[in-house]
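Subject: Handover of a structure for your review

Dear colleague,

Please find below the structure that I am handing over to you.

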Amino acid sequence: MTPPEVTEAFQFALDASEAVRGTTSPNPPVGAVILDANGQVAGVGATAPPGGPHAEVRALAAAGDRARGGTAVVTLEPCNHTGRTGPCARALIDAGIATVYYSVPDPGPVAGGGAETLRAAGITVHPGLGADAVIHGPLRAWLHRARTGRPHVTWKYAATLDGRSAAQDGTSQWISGPEARARVHDERSRLDAIVVGTGTVLADDPWLTARLPDGDLAPHQPLRVVVGMREIPTSARVLDDAAPTLVLRTRDIGDVLDALTDHPDVLLEGGPRLAGAFLAARSVDRIQAYLAPMFLGAGTPAVQDAGVHSITEALRFRRERVDTVGADVLLTLVPERDL
């Protein structure tokens with residue numbers, strides 16, 4: 001049975017991991033906690049931006065001499081290689097850690113194997129702590145990229161109960177309520193990239209920034225990506241200096257994904273045609289559908305041209321969770337089978 005102090009430490013590590021999500025790519029957003037020999041929290045750390053120390057090293061630095069004889073709780077198997085920083089497995093050994101709990105194994109052929117190095121040094125290792133929360137939480141996108149070689153794409157949209165994303169006259173502000181919009185901004189602040197099409201830029205002129213509840217820009221801004229062949233005006237808000245922007249002159253979804261290799265956590269916020277193109281390319285890994293309690297009866301559908309011609313070709317998703325966000329319902333869906 002896992003000691004209660006380790007269970008509590010895991011939650012701290014998970015929270016630390018979530019807090020740095022979006023700032024660490026291409027490295028994983030890992031969280032780590034060091035407990036001293038008496039089971040008290042001695043240090044908490046999370047992965048720094050690229051080139052900085054990993055979570056275990058930061059937690060060990062916070063713990064200092066209290067780490068000796070203590071326990072490390074980490075959301076990812078400690079790495080076993082030297083890159084821009086040294087191997088975390090060796091740092092734990094040198095610090096005198098006696099026990100290590102980690103959530104999921106490192107899938108990398110180079111960085112993996114830290115658990116065996118720790119065991120060889122006489123450290124007791126417990127894998128699998130809170131694995132499900134990590135796999136479906138802060139490390140979801142990074143693990144997906146490690147497994148598939150491409151970014152994890154979440155398609156987010158807001159629609160009425162009859163599936164409309166805009167009214168017949170083209171107006172769409174606001175289908176979702178203020179609580180849903182605040183949640184989207186919070187999510188943007190933890191992303192690597194947001195993707196839209198040129199049609200969305202021309203029609204809505206969005207900023208695509210992440211903002212705090214007071215309206216100020218969030219400390220972390222995702223890369224804004226505009227996809228399509230149409231020219232966009234230099235005055236477009238998406239081209240301002242609030243966040244970096246990448247304009248991709250292509251309609252090929254493979255080209256888009258290739259350009260975002262170092263940005264594993266991607267949010268698709270494009271219009272119905274770009275959403276349809278991603279679906280047709282079998283490149284949507286999760287859907288976040290905000291459903292508003294209203295009907296329009298006519299107007300722009302949420303998606304077009306998804307490459308489906310019969311009911312047998314339907315792209316089926318299963319419910320991962322359902323949340324109430326203000327007056328809206330948020331459906332989080334994942335593919336029923338590998339697309």
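P26 is located in the loop between helix 1 (4–19) and strand 1; helices (H or I, at least four residues) and strands (E, at least two) are DSSP runs, numbered from the N terminus. The peptide bond leading from S25 into P26 is cis, and its omega is near 10°.

The model is a predicted one, in which local features need pLDDT of at least 70 and side-chain atom pairs count only at pLDDT 80 or more, while totals for chains, interfaces and linings use all residues. Residues are numbered from 1 along each chain as its sequence is written, and side-chain values use heavy atoms, with hydrogens and water left out.

**Cavity**

S25 also belongs to the lining of the largest cavity. A cavity is defined on a 1 Å grid over the protein atoms alone, as a set of points where a 1.4 Å probe fits but cannot get out; lining residues have an atom within 4 Å of a point. The structure holds one cavity of 30 Å³ or more, and the volume of the largest cavity is about 70 Å³. Grid points are joined across faces, edges and corners, and a volume is the space filled by probe spheres set on the points. Among the lining residues are R21, N27, P138, W142, D192 and D265. By class, five nonpolar, four polar and three charged residues make up this lining. Here Ala, Val, Leu, Ile, Met, Phe, Trp, Tyr, Cys and Pro count as nonpolar, Asp, Glu, Lys and Arg as charged, and the others, Gly among them, as polar.

**Sheet and hairpin**

Five strands form an open sheet in the order 2-1-3-4-5, with mixed pairing. Its edge strands, each pairing on one side only, are strand 2 (41–46) and strand 5 (124–127). From one strand to the next, the twist averages 15°. Strand 1 (residues 31–35) pairs with strand 2 in the antiparallel sense over five bridges, and L35 stands opposite V41. Two strands are taken to pair if DSSP finds at least two bridges between them. Helix 2 (residues 55–63) lies across strand 1, strand 2 and strand 3 (71–76), and runs at about 145° to strand 2. Axes are lines fitted to C-alpha atoms, for helices over the stretch in contact, and angles run from 0 to 180 degrees between N-to-C directions.

Strand 14 (residues 317–325) and strand 15 (residues 328–335) are likewise antiparallel, over eight bridges. They form a hairpin with two residues between them, and G326 in the turn has a positive phi of about 65°. V322 faces L331 across this pair.

**Individual residues**

K156 is part of strand 6 (residues 152–159). At a relative accessible area of 15%, K156 is buried (buried means under 20%, exposed over 50%, partly exposed in between, with a 1.4 Å probe and protein chains only). Beyond its neighbours within four places in sequence, K156 is in contact with V184, L267, L268, E269, Q288 and Y290, contact meaning heavy atoms within 4.5 Å.

Most residues other than glycine have a negative phi. Within helix 10 (residues 272–280), the buried residues include P272, L274 and F278. D305, in the loop between strand 13 (300–301) and strand 14, also has a positive phi, near 55°, and is exposed at 58% relative accessibility.

Yours sincerely

Note on methods:
On a 1 Å grid over the protein atoms alone, a cavity is a set of points where a 1.4 Å probe fits but cannot get out, and a pocket is an open set with protein on both sides within 12 Å along at least five of seven lines; lining residues have an atom within 4 Å of a point.
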